[in-house]
Amino acid sequence: MRKIHHMVDLPEVIEGPLSGEELAVRYRALCDDPCYANVPGKIELDLWGRMLMSPASVYHGLVQGRLVHELKTALGGETIVEAPVVTAAGLLVVDVAWSSQEFMAAHGSENPLRHAPEICVEVVSPSNSVKELREKIEAYLRAAAKEAWIVYPQSKRCEFHGERGVLLQSAYRVDLTGLFA
């Protein structure tokens, strides 16, 4: 008879929202669990530890790849695809993140990241809601991101958000004209 292994020692019932450290422990256990090694898409955890899964399309991945290229070319630093970040809204996975070398020196060994990189980008999927996108933008900014971007592949537009709300343009000089080609 095969013994069933639990990913971590968990209480019988979750009585309240999980702390950032509890979410980080659960996320690391997911990363180490071979059962989740080939799951397509990304896995996020809400404040109650529930898994939220989002499949990605080829076009979604193509836009992510173009963002990575443009951010790296314009800004140097490091780009991260599917960056796990502990936030006040749960453990979120940023579609594309850009970070400076200073950020990476301070936080690059963390899994998940305890602070958001300077730029956090969400590439919209048909499964996203306006409410979810607003919550993610707010969560990234509260987790120390300097800017949070929303990229809308279908309508071919980008929104930039900072600590004071919607920005007319990003403070970071990145050429996004070929993003939707």
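**Salt bridges, cores and secondary structure of the predicted model**

Glu-21 counts as partly exposed, at 40% relative accessibility; here buried means under 20% relative accessible area, exposed over 50%, and partly exposed in between, for a 1.4 Å probe and protein chains only. The structure is a predicted model, in which local features need pLDDT of at least 70 and side-chain atom pairs count only at pLDDT 80 or more, while totals for chains, interfaces and linings use all residues. Residues are numbered from 1 along each chain as its sequence is written, and side-chain values use heavy atoms, with hydrogens and water left out.

The partner of Glu-21 is Arg-114, and the two side chains meet in a salt bridge with an N to O distance of 3.9 Å. Because Arg-114 lies in the loop between H3 and S5 and Glu-21 in helix H1, this pair ties together parts that are 93 residues apart in sequence. Helices (H or I, at least four residues) and strands (E, at least two) are DSSP runs, numbered from the N terminus. Arg-114 is also partly exposed, at 35% relative accessibility. In the whole structure, eleven salt bridges are found, each defined by a side-chain nitrogen of Lys or Arg within 4 Å of a carboxyl oxygen of Asp or Glu.

A second salt bridge is formed by Lys-136 and Glu-44, whose closest N and O atoms are 3.2 Å apart. Lys-136 in helix H4 and Glu-44 in strand S1 are 92 residues apart, and the pair thus links distant parts of the chain. Both Lys-136 and Glu-44 are buried. The side chain of Lys-136 also meets that of Glu-132 in a salt bridge, at 3.6 Å from N to O. These two residues, Lys-136 and Glu-132, are four residues apart in helix H4 and are therefore separated by about one helical turn. The relative accessibility of Lys-136 is 4%, which counts as buried, whereas Glu-132 is partly exposed at 22%. Through shared partners, salt bridges join Lys-42, Glu-44, Asp-95, Glu-122, Glu-132 and Lys-136 into one network.

The largest nonpolar core contains 20 residues, and those with the most contacts inside it are Val-85, Val-94, Ala-116, Cys-120, Tyr-140, Ala-145 and Ile-150. At least two residues of this core are supplied by each of strand S3 (78-87), strand S4 (90-99), helix H4 (130-142) and strand S6 (147-152). H4 gives the largest share, five residues. Another core, apart from this one, has 16 residues, including Leu-67, Leu-71, Trp-98 and Val-123. A nonpolar core is a set of buried Ala, Val, Leu, Ile, Met, Phe, Trp, Tyr and Cys residues joined through side-chain atoms within 4.5 Å. Beyond its neighbours within four places in sequence, Cys-120 is in contact with Val-94, Val-96, Tyr-140, Ala-145, Glu-147, Ala-148 and Trp-149, where contact means heavy atoms within 4.5 Å.

Strands S3 and S4 pair in the antiparallel sense over nine bridges; pairing requires that DSSP finds at least two bridges between two strands. The two strands are joined by a hairpin of two residues, and Val-85 has Leu-92 in S4 as its bridge partner.

Helix H2 (residues 58-75) has 18 residues and reaches 26 Å from its first C-alpha to its last, close to the 26 Å expected at 1.5 Å a residue, the expected span being 1.5 Å times one less than the number of residues. Its buried residues are His-60, Val-63, Gln-64, Leu-67, Val-68 and Leu-71. Seen down the axis of H2, these residues fall within an arc of 145°, so they line one face of the helix; the arc is that of the directions from the helix axis to the C-beta atoms. This buried set packs against S3, S4, S5 and S6, while Val-58 and Thr-73 are exposed on the other side of H2. Just after H2, Gly-76 takes a positive phi of about 70°.

In H1, the buried residues are Leu-23, Ala-24, Arg-26, Tyr-27, Ala-29 and Leu-30. Their cover includes strand S1 (42-45), strand S2 (51-54), S3 and S4.

The peptide bond that joins Asn-111 and Pro-112 is cis, with omega about 0°, and Pro-112 is found in the loop between helix H3 (101-107) and strand S5 (119-123). Glu-82, a residue other than glycine, has a positive phi near 60°. Glu-82 is placed in strand S3 and is partly exposed, with a relative accessible area of 28%.
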